[in-house]
Amino acid sequence: MPLPLQSNDSRILVLAPVGNDAHVTADLLREAGSDCRISPDLQDLVAEIPNGCAALVVAEEALGPASEAMLIQALRPQPSWSDIPIIIVTSKGADPLRLYQRLTLFDSSGIVTLLERPFRPITLVNAVQAATRARRKQYEVRDLLLERQRILSGLESTVEHRTAELREANAQLEELVYTIAHDLRAPLRAMQGFSTVLLEHFGERLDDHGRDYTRRITAAAEKMDNMTLDLLSYGRMARSEVTLRPVSLDRVWKNAVAQCERIIQDTGGKVVIEEPLPTVLAEEPILTQVCSNLLSNALKFVKSGEAPRVHVRSEIENGSARIWVEDNGIGIPDQYKERIFRVFERLDGSRYSGTGIGLSIVRKGVERMGGRVGVESEPGKGSRFWIDLAHPPLPHLSGKQN
Ligand code: ADP
């Protein structure tokens with residue numbers, strides 16, 4: 001529904017400084033139902049335009065080169081929806097060439113109609129009514145634009161509000177998970193401790209079944225303890241302060257390989273790092289954990305009996321560094337490529353050990369450092385995990401060296 005017109009939106013501004021023309025014109029238009037305002041001179045007309053008008057009726061006598069320029073200047077700052085209709089009442093026997101020039105002069109500033117004297121009153125009324133109708137359409141466009149703007153800004157603030165709420169709810173959930181994981185450890189350790197004591201001190205009094213069950217309790221409690229420990233490190237990753245600094249990826253990967261030394265030896269794995277790797281904006285302990293999680297997965301998820309091969313390389317593009325961690329492992333089906341980054345999501349839990357949190361820590365860590373992580377893979381053809389992080393520009397070296 002169009003908005004109601006502003007009080008001045010429908011008025012006709014009349015400028016006819018010679019004789020009684022202005023009053024005759026205004027009376028005629030008022031009689032036909034139009035709201036009119038007579039301007040004594042061009043300055044007044046120009047000053048009134050921004051306060052709203054449906055059309056201008058200007059007698060040619062009021063226009064000379066300077067006043068034309070003034071009028072064009074006044075019409076120029078119209079908004080995109082507005083094109084004020086101008087009716088120029090030309091002098092009797094006006095030079096046709098001059099009239100044509102007037103038309104093209106105003107062409108880009110308003111819709112111009114030339115009304116040659118003498119004309120019948122109905123011709124003027126008709127021209128003004130046509131102009132007013134055209135102007136009304138312009139107001140409808142204005143209203144639509146205003147409405148669109150109102151809806152868009154409403155949507156924007158709703159989205160902002162919802163995002164803030166979600167972020168808050170997420171932070172609260174992460175806090176809760178952290179607290180639960182923390183509080184679970186004490187009873188878990190009690191279970192582990194008592195089942196070990198049970199086996200060591202009372203094992204002889206139990207039969208084979210009893211000893212088997214007790215071992216299972218110990219193993220289950222240990223598994224749960226590992227999960228809570230991983231949840232705690234996930235929670236720490238989500239909550240801790242992150243300060244980004246330039247970090248050498250060469251050093252980070254040396255540390256990550258050192259952390260995985262044991263599994264590399266056990267599996268006969270080979271890790272090739274294409275040095276030099278770039279410097280990235282990161283927090284070093286987080287990045288080291290991210291890289292060692294990706295490396296230990298790459299070493300772990302291979303077909304049994306096959307030696308893992310891991311290749312680490314980098315690419316730089318548009319101020320961002322991409323680090324690839326490629327393996328020759330079992331690969332990941334397409335439909336799981338997103339899910340594996342969620343907490344506790346595991347694809348082949350019976351064959352491979354783990355808690356299902358390693359990749360959630362990777363994603364959370366990378367996101368907290370302002371980066372992104374993803375994977376390309378095909379079952380049976382290995383996986384290529386990637387991380388994007390900001391690559392800081394090298395410090396400028398001046399030509400002068402000491
Ligand atoms: P976890 O290693 O403890 O199982 P992660 O969160 O690190 O947990 O990984 C989740 C799941 O994603 C794994 O259980 C595995 O199914 C799959 N996955 C992760 N890395 C690889 C890889 N390099 N190759 C194949 N599958 C992988």
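User: Where is P118 found in this predicted model?

Analyst: The model is predicted. Most peptide bonds are trans. The bond from R117 to P118 is cis, with omega near -5°. As for its place, P118 sits in the loop between β5 (111-116) and α5.

User: Which residue is joined to P276 by a cis peptide bond?

Analyst: P276 lies in the loop between β7 (270-273) and β8 (279-282). The cis bond there has an omega of about 0°, and the residue joined to P276 is E275.

User: What distance separates the end C-alpha atoms of helix α5?

Analyst: Helix α5 covers residues 121-202, which makes 82 residues. At 1.5 Å a residue, the helix should span 122 Å. The distance in the model agrees with that value: 119 Å.

User: At which residue does α5 bend, and by how much?

Analyst: A proline, P187, follows the bend within four residues. The residue at the bend is R185, and the angle is about 30°.

User: Which residues lie nearest the centre of the largest pocket?

Analyst: About 1000 Å³ of space lies in this pocket. Elements that each supply at least two residues of its lining include α6 (208-239), β10 (320-327) and β12 (383-390), while the largest share, eight residues, comes from α9. Of the 41 lining residues, those nearest the centre are N297, K300, F301, S353 and G354.

User: Is N318 buried or exposed?

Analyst: N318 is found in the loop between β9 (309-317) and β10. Its phi is near 50°, a positive value in a residue other than glycine. Exposed means over 50% relative accessible area. The relative accessible area of N318 is 76%, so N318 is exposed.

User: What is the relative accessible area of F344?

Analyst: Most residues other than glycine have a negative phi. F344 is not a glycine, yet its phi is positive, about 65°. F344 lies in the loop between β10 and α10. There F344 is partly exposed, and its relative accessible area is 41%.

Notes:
Residues are numbered from 1 along each chain as its sequence is written. This is a predicted model: local features need pLDDT of at least 70, side-chain atom pairs count only at pLDDT 80 or more; totals for chains, interfaces and linings use all residues. Side-chain values use heavy atoms; hydrogens and water are left out. The expected span of a helix is 1.5 Å times one less than its number of residues. The bend at a residue is the angle between axes fitted to the seven residues ending there and the seven starting there. On a 1 Å grid over the protein atoms alone, a cavity is a set of points where a 1.4 Å probe fits but cannot get out, and a pocket is an open set with protein on both sides within 12 Å along at least five of seven lines; lining residues have an atom within 4 Å of a point. Grid points are joined across faces, edges and corners, and a volume is the space filled by probe spheres set on the points. Buried means under 20% relative accessible area, exposed over 50%, partly exposed in between (1.4 Å probe, protein chains only).
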